[in-house]
Every structure is written in structure tokens, then in C-alpha cells.
Amino acid sequence: MSTEQPTLMKSSNVLSDKVNRALHVRTDTPAMKAALSALATLPSSTSSASTDNNANGVIDAKSVRAAIETDALRRALQFQSELQKLARDATILRERVDTVSRVAGHIGRIVDGRIISKEQADVLLN
């Protein structure tokens, strides 16, 4: 009896924790709204039992997994695209910084070549 009690309490605590987490999930975030919308539009399965379940509002676990994987793939492709854009922008920025550096160096050489000190001016004027 003593070994059953801790196991029962453990599973009760786990269930309680899961219920509490589920109750505290915010459903008004854009990500949650998108997930709920995706779940609402899941296709029904071909088997009659699954069709009956879908008619009763029960969603097939395989459909949920497929929807999650499809969404993850879509997000991964979107992330990859954005990362490629960022890499292109960084390359363009690097090229522009190099151009500005070359121009600044050229201007610096021109300015350094034409500036003379007061002593040099006095020598040239005399």
C-alpha cells in the first residue's frame, strides 16, 4: 500500500502540473492564434472512425503532427530566406564600408600632402 501511494501522488502531481500549465497558456498571442487556426483547418482522415472523431471535434494525432511539422518546415524556410537576405545585406554593407574607407584614405592623403606647418610656410615665403 505504501508503494502505491507515492506513485499515485506522483502521477496526480504530474497531471495537476500539466492541467495548471494548460490553464495558464495564453491564447491571445499571435503564435497561439496561428496554431489554433491551423488546428481548426486540419483535414479529416479517410477512415470512418477518424471521420466520426473529426465530426465530433476530435482531431487525429497524425494530422496534428503533420500540421506541426508543416508549420515548422514553413518557419524554417522563412528563417533561411531571411538569413540569406541578412547575409546579402551584410556583404553589401561590407562593400560600402570598404568604399568609404578607400575614399577617406584618398582624401586623407590629399589633405596631408597640402597641409604645411607654420615653419614650412615661413621658409617658403622667405
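A salt bridge is taken here as a side-chain nitrogen of Lys or Arg lying within 4 Å of a carboxyl oxygen of Asp or Glu. The model is predicted, and local features therefore need a pLDDT of at least 70, side-chain atom pairs count only at pLDDT 80 or more, and totals for chains, interfaces and linings use all residues. Residues are numbered from 1 along each chain as its sequence is written, and side-chain values use heavy atoms, with hydrogens and water left out.

The protein chain contains 5 helices and 0 strands, where helices (H or I, at least four residues) and strands (E, at least two) are DSSP runs numbered from the N terminus. Along the sequence, the elements follow the pattern α-α-α-α-α. Of the 126 residues in the protein chain, 4% are buried; buried denotes under 20% relative accessible area, exposed over 50%, and partly exposed the range in between (1.4 Å probe, protein chains only). The protein chain exposes about 11,100 Å², of which carbon and sulfur atoms supply 61%. Accessible areas come from the Shrake-Rupley method with a 1.4 Å probe, and for residues only the protein chains shown count as cover.

Side chains of opposite charge can pair when their charged atoms come close. The count of salt bridges comes to 4. Glu-82 and Lys-85 form one of them, with an N to O distance of 3.5 Å. Both residues belong to helix α4 and stand 3 residues apart, about one turn of the helix. Glu-82 is partly exposed at 42% relative accessible area, and Lys-85 is partly exposed at 37%. Salt bridges that share partners also join Asp-71, Arg-74 and Arg-75 into one network. Within this group, the closest N and O atoms of Arg-74 and Asp-71 are 2.6 Å apart. Arg-74 and Asp-71 are both in helix α4, 3 residues apart, about one turn of the helix. Arg-74 has a relative accessibility of 45% and counts as partly exposed; Asp-71, at 28%, is likewise partly exposed. A further salt bridge links Glu-69 with Arg-65, the closest N and O atoms being 2.9 Å apart. Glu-69 and Arg-65 also lie in helix α4, here 4 residues apart, about one turn of the helix. Glu-69 is partly exposed at 43% relative accessibility, whereas Arg-65, at 57%, is exposed.

The largest pocket holds about 180 Å³ of space. Ala-35, Ala-38, Ala-67, Ile-68 and Asp-71 are the closest to its centre among the 10 residues of the lining. Helices α2 (30-40) and α4 (61-114) are the elements that give two or more residues to this lining. On a 1 Å grid over the protein atoms alone, a pocket is an open set of points, where a 1.4 Å probe fits, with protein on both sides within 12 Å along at least five of seven lines; lining residues have an atom within 4 Å of a point. The lining comprises 7 nonpolar, no polar and 3 charged residues.

On the surface, Leu-15, Val-19 and Leu-23 form a nonpolar patch with about 310 Å² of accessible area together. Such a patch is made of residues with over 30% relative accessible area and no salt bridge, nonpolar side chains (Val, Leu, Ile, Met, Phe, Trp, Tyr) being joined within 5 Å and like charges within 9 Å. Leu-15 is found in helix α1 (residues 4-23) and is exposed, with a relative accessible area of 55%.

Notes. Grid points are joined across faces, edges and corners, and a volume is the space filled by probe spheres set on the points. Ala, Val, Leu, Ile, Met, Phe, Trp, Tyr, Cys and Pro count as nonpolar, Asp, Glu, Lys and Arg as charged, and the others, Gly among them, as polar.
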